[in-house]
Amino acid sequence: MAPRIAAGCVLLALACSTELKAEPFTILPNGQVAFDTALTTSGVFRCQGSIACSGSGTNSVTLGSGDKQATITFSGVDKVFQVTNRAQPVGLGTFDIVSTPGFTYPERGNRYLPVLHFGLVFDHTSPTPAVGRLGWTFGPGGRPELPILTGISSFASPLDVNPPDVGYSALVYTVRPFPFSLPGQGSMNLVADVGVVPEPGTILLVGSGIAGLIGARRRHSTKRPS
């Protein structure tokens with residue numbers, strides 16, 4: 001009987017420890033809550049307008065033709081990390097650009113129209129399963145680099161699990177720097193500051209992303225010929 005009781009206690013202890021480990025957050029030694037985050041990202045390019053472009057709808061697109069072309073490839077991430085209420089930089093993926101010498105991005109008839117759209121997908125399995133998206137258009141062409149023309153910098157992923165007496169509502173990703181430009185050659189890491197926030201903070205951070213979009217569009221509009 002005693003061995004059976006001991007075995008039962010061991011199984012119960014294992015079950016309890018497994019249940020505790022299943023919680024998608026950790027209480028750090030300083031009392032701070034850290035949310036155990038599992039993130040996968042991916043990206044898709046879409047060509048805009050009638051320009052020389054192939055690979056639309058995939059993660060790798062080639063702009064231009066002949067001896068003046070560039071291939072842009074986005075590689076996402078699959079990582080696990082902890083998020084607290086103090087924002088920390090997290091890599092979301094990498095743009096790799098390979099081009100021919102002297103390449104400049106193609107432009108449309110109206111040079112202020114975008115030549116490329118990029119959609120970034122966030123797929124969380126922890127702490128709260130959720131899928132979210134950011135989308136950016138890039139233009140104008142005619143330059144060795146391709147700047148963001150429209151889009152916002154922030155994305156909020158809902159958070160529906162908390163320790164007792166803790167009220168965080170979302171994980172917020174804010175891309176830095178923003179807006180940015182795709183280079184004509186080389187690699188560029190896509191990085192975001194990530195932190196958990198209560199609802200008012202979510203509104204503030206996403207609002208700052210919208211403000212960044214407005215500022216970017218104003219900067220482009222001031223460059224238009226009269």
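Which residue stands opposite Cys47 in β8? I looked it up: Leu116.

Before going on, I noted that this is a predicted model, where local features need pLDDT of at least 70, side-chain atom pairs count only at pLDDT 80 or more, and totals for chains, interfaces and linings use all residues. Residues are numbered from 1 along each chain as its sequence is written, and side-chain values use heavy atoms, leaving out hydrogens and water.

**Strands**

β2 covers residues 33-47 and runs antiparallel to β1, residues 25-27, with three bridges. Here Phe25 sits opposite Phe35. The two strands make a hairpin with five residues between them, and Gly31 in the turn has a positive phi of about 90 degrees. I also found six bridges from β2 to β6, residues 78-83, again antiparallel, with Thr37 opposite Phe81. With β8, residues 116-126, β2 has ten antiparallel bridges.

**Thr26**

Next I picked Thr26, which is in β1. Thr26 counts as partly exposed because its relative accessibility is 28% (buried is under 20%, exposed over 50%, partly exposed in between, with a 1.4 Å probe and protein chains only). Skipping residues up to four places away in sequence, Thr26 touches Gln32, Val33, Ala34, Asp36 and Gln82 (contact means heavy atoms within 4.5 Å). I noted that the C-alpha atoms of Thr26 and Val83 are 9.8 Å apart, with the two residues 57 apart along the chain.

Notes. Two strands pair if DSSP finds at least two bridges between them. Helices (H or I, at least four residues) and strands (E, at least two) are DSSP runs, numbered from the N terminus.
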